[in-house]
Amino acid sequence: MLPAGGAERIAFTAAAEPQAPASEAPRTNTAAPGLEAFFVRENFERTRRAIGVLLRDDPTQAEDITQEAFVIVYERWERVSTMDNPLAYTIKVAWNLAVKWLRARKRTRALEATLSVPAAGGAAEAEGVIARADLAGAFLRLSPAHQKVLALSISGFGPQDIAPLLGIPVRTVRTRLFRARRALSALLEERPEAQS
């Protein structure tokens with residue numbers, strides 16, 4: 001015969017729910033350390049500013065592309081978190097998405113221009129559009145290395161900030177900035193000569 005306290009212990013033991021092994025616990029996307037810390041507003045703003053120079057006339061698109069880049073980084077976080085500079089990788093992803101979008105927009109606008117007739121009296125507006133298109137076209141003709149340092153510089157990043165983002169020395173950043181500005185100027189100067 002069991003004592004009165006023994007029956008309670010047996011009932012308590014029988015009522016306990018079996019525990020799933022730790023290896024079968026549901027996996028979450030935040031398992032990688034540093035994920036939440038990386039996805040802070042500051043990193044989003046730095047990435048958006050970096051591509052903002054490319055998309056200066058469309059800030060909404062810059063924000064959309066930045067969000068898309070962060071989704072890609074989120075999906076690849078296990079690999080990205082082991083990189084020396086996840087922010088630089090994120091900016092690179094956003095940059096590539098922005099360039100791809102600009103090229104698609106350029107093709108669309110070229111098609112629209114061939115189909116539309118310019119309005120009379122809009123000469124000043126047309127000149128402004130042509131100047132922006134010339135600048136964008138010249139910018140896209142620069143090497144990718146020059147595009148990156150120039151865009152980051154225009155976005156307000158100093159050489160000391162750009163160097164760790166691109167993984168190059170500050171001196172190299174300054175050299176690339178100098179050469180990028182010189183190349184952009186030369187490309188803009190050759191444009192009128194090509195038209196005459």
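Visitor: If buried means under 20% relative accessible area, exposed over 50%, and partly exposed in between (1.4 Å probe, protein chains only), is glutamine 61 buried or exposed?

Guide: The model is predicted, so local features need pLDDT of at least 70 and side-chain atom pairs pLDDT 80 or more, while totals for chains, interfaces and linings use all residues. Residues are numbered from 1 along each chain as its sequence is written, and side-chain values use heavy atoms, without hydrogens and water. Glutamine 61 belongs to helix α4 (residues 59–75), helices (H or I, at least four residues) and strands (E, at least two) being DSSP runs numbered from the N terminus. Because its relative accessibility is 17%, glutamine 61 counts as buried.

Visitor: Which residues does glutamine 61 touch, not counting those up to four places away in sequence?

Guide: Contact means heavy atoms within 4.5 Å. With residues up to four places away left out, the residues that glutamine 61 touches are Leu55 and Trp101.

Visitor: How far apart are the closest N and O atoms of arginine 48 and glutamate 45?

Guide: The structure holds one salt bridge, a side-chain nitrogen of Lys or Arg within 4 Å of a carboxyl oxygen of Asp or Glu. Arginine 48 and glutamate 45 are three residues apart in helix α3 (residues 41–52), so about one helical turn separates them. Arginine 48 is partly exposed, at a relative accessible area of 21%. In the salt bridge between arginine 48 and glutamate 45, the closest N and O atoms are apart by 2.7 Å.

Visitor: Which element gives the most to the lining of the second largest pocket?

Guide: A pocket is an open set of points on a 1 Å grid over the protein atoms alone, where a 1.4 Å probe fits, with protein on both sides within 12 Å along at least five of seven lines; lining residues have an atom within 4 Å of a point. Of the 15 residues lining the second largest pocket, Ala88, Lys92, Lys148, Leu165 and Leu166 lie nearest its centre. Two or more lining residues come from each of α6 (86–115), α8 (144–154) and α9 (159–166). With five residues, the element that gives the most is α6.

Visitor: What separation do the C-alpha atoms of alanine 133 and lysine 106 have?

Guide: Alanine 133 is placed in helix α7 (residues 123–141). Alanine 133 is partly exposed, its relative accessible area being 46%. Along the chain, alanine 133 and lysine 106 are 27 residues apart, and their C-alpha atoms are separated by 9.0 Å.
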